[in-house]
Amino acid sequence: MKKILTSVLALAMGVSLVGCGETTDNSSASSSGSKSDKTVGIAMPTKSLERWNRDGEYLKNQFEAAGYKVELKYSDNDTTQQNNDIQGMIADGVNLLMIAAIDGSTLSQTLDEAKAANIPVIAYDRLIMNTDAVSYYVSFDNYTVGKLQGEFVRDQLGLDNAAGPFNIEFTAGDPADNNAGYFFNGAYEALQSYIDAGKLVIPSGKKEFEQVATPSWSTDTALENMQNTLASYYSDGTVLDVALCSNDSTALGVAQAITSDYAGSNAPIVTGQDGDIANLKNIVDGIQTMTVYKNVSDEASVTLEVSKAILAGNTPDANLLSSLSAEASFDTESYNNGVKNVPSYLLVPYVITKDSLQKLVDTGLYQWDSDNKYLESTASTT
């Protein structure tokens with residue numbers, strides 16, 4: 001009986017130890033175990049904008065190719081749904097969360113749960129506000145995106161030499177998106193001296209972000225807003241020289257309004273951002289002038305390396321960039337989310353025009369169509 005009792009006790013202790021080990025591993029981003037034991041939870045805002053489909057699928061493929069499991073959720077631009085999606089991933093025991101927030105100010109309570117479960121959080125593309133649960137931020141230099149748009153307008157109009165005046169209207173992004181203010185400010189401040197000097201005129205008088213913001217980056221809202229602006233300030237033949245749009249989804253609506261409702265005979269400069277397929281077609285057709293491109297493969301490669309370091313129990317820093325080809329910087333001071341300075345990896349965007357579309361093909365994410373005229377996504381052909 002003593003031998004039997006001893007064996008039973010030993011077995012019970014073994015089971016208990018195994019159980020404790022499993023509980024500890026599931027409740028934290030432990031560095032033990034293989035990559036295939038670790039799951040990355042990716043929360044994307046919506047499938048209604050092309051760029052988030054592109055980002056989500058590319059990230060999923062890259063993480064799976066590196067040997068990780070992936071749980072990918074799209075939240076239909078619904079903040080409640082995104083919170084629920086993230087809570088579901090926390091309950092599923094993911095080892096790391098990567099979140100492109102719909103509204104960066106609505107996730108703090110949910111991310112308290114992630115912190116309590118020892119799950120690190122990477123804010124992807126959009127900074128998450130008012131929480132100390134965010135470990136890192138990976139994005140592009142968002143102020144520079146707008147600055148590139150403003151400088152493009154400056155150079156196209158020759159503002160340093162031309163007498164002017166030229167008329168300009170602004171279309172900004174979603175007030176819930178922390179990046180939208182950076183885009184607008186970068187563009188406006190690049191042009192402010194010319195506005196102050198009277199070389200650039202805003203007939204509508206709308207020069208504050210709040211006056212030109214576009215909720216949810218909606219194409220339809222941008223279309224309606226520009227139609228109203230054209231009807232109110234340009235119906236008498238007043239020339240519109242520039243429609244400065246913060247991104248491609250708003251530029252699509254603005255360009256549609258100009259095509260259908262603008263009384264002038266000129267083709268205004270129309271800016272954008274993202275490299276969406278419909279907008280690239282408009283660039284070829286002369287309806288949109290440029291877009292600022294943010295290479296998702298570069299953003300994903302940096303995000304992957306940051307995630308790998310975290311999951312291995314290491315602390316990512318500037319040295320991480322030395323092994324990558326992506327042009328980026330490490331910044332620990334510029335992005336404060338209201339609670340802390342979030343260590344940030346900031347990539348460099350660049351301008352695409354009709355003459356430089358081949359640069360997109362060179363990324364491997366685009367290819368020429370069968371007529372060699374327009375670009376299409378390589379993802380759509382696989």
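Biologist: Is T289 buried, partly exposed or exposed?

Modeller: First, the ground rules: this is a predicted model, where local features need pLDDT of at least 70, side-chain atom pairs count only at pLDDT 80 or more, and totals for chains, interfaces and linings use all residues. Residues are numbered from 1 along each chain as its sequence is written, and side-chain values use heavy atoms, with hydrogens and water left out. Buried means under 20% relative accessible area, exposed over 50%, and partly exposed in between (1.4 Å probe, protein chains only). T289 has 23% relative accessibility, so it counts as partly exposed.

Biologist: Where is T289 found, and which residues is it in contact with beyond four places in sequence?

Modeller: Helices (H or I, at least four residues) and strands (E, at least two) are DSSP runs, numbered from the N terminus. T289 is found in the loop between α10 (277–284) and β10 (291–293). Contact means heavy atoms within 4.5 Å. Leaving aside neighbours within four places, the partners of T289 are F152, P268, I269, V270, I283, I352 and T353.

Biologist: What separates the C-alpha atoms of T289 and I352?

Modeller: Along the chain, these two are 63 residues apart.

Biologist: Is T229 buried or exposed, and what does it touch?

Modeller: T229 lies in helix α8 (residues 219–233). Its relative accessible area is 7%, so T229 is buried. Not counting residues up to four places away in sequence, T229 touches E169, S204, K206 and Y234.

Biologist: How many helices and strands does the protein have, and what share of its residues count as buried?

Modeller: The secondary structure comes to twelve helices and 15 strands. Residues 24 or more positions apart account for 69% of the contacts with a separation of 6 or more. Of the 382 residues, the share that count as buried is 52%.

Biologist: Which residues have the most contacts inside the largest nonpolar core?

Modeller: Nonpolar side chains tend to be buried together in soluble globular proteins. A nonpolar core is a set of buried Ala, Val, Leu, Ile, Met, Phe, Trp, Tyr and Cys residues joined through side-chain atoms within 4.5 Å. The largest nonpolar core has 76 residues, and those with the most contacts inside it are F170 and L191. Apart from it lies another core of 24 residues, among them V94, A117, A123 and L127.

Biologist: What does F170 touch, not counting residues up to four places away in sequence?

Modeller: L191 is one of the residues that F170 touches.

Biologist: Which helix gives the most to the lining of the largest pocket?

Modeller: On a 1 Å grid over the protein atoms alone, a pocket is an open set of points with protein on both sides within 12 Å along at least five of seven lines, a cavity is a set where a 1.4 Å probe fits but cannot get out, and lining residues have an atom within 4 Å of a point. Grid points are joined across faces, edges and corners, and a volume is the space filled by probe spheres set on the points. About 240 Å³ of space lies in the largest pocket. Six of its lining residues come from helix α2 (residues 50–65), which gives the most.

Biologist: Which residues lie nearest the centre of the largest cavity?

Modeller: The structure holds one cavity of 30 Å³ or more. The largest cavity has a volume of about 100 Å³, and α2 and α6 (178–197) each supply at least two residues of its lining. Of the 13 lining residues, those nearest the centre are R51, R126, D177, W217 and D274.

Biologist: Which peptide bond is cis?

Modeller: Most peptide bonds are trans. P165 is placed in the loop between α5 (142–157) and β6 (166–171). A cis bond, with omega about 0°, joins G164 and P165.

Biologist: What is the phi of D125, and what is that of N130?

Modeller: D125 lies in the loop between β4 (121–124) and β5 (134–140), and N130 is also found in the loop between β4 and β5. D125 is buried, with a relative accessible area of 2%, whereas N130 is partly exposed at 43%. Both values are positive in residues other than glycine: phi is near 70° for D125 and about 60° for N130.
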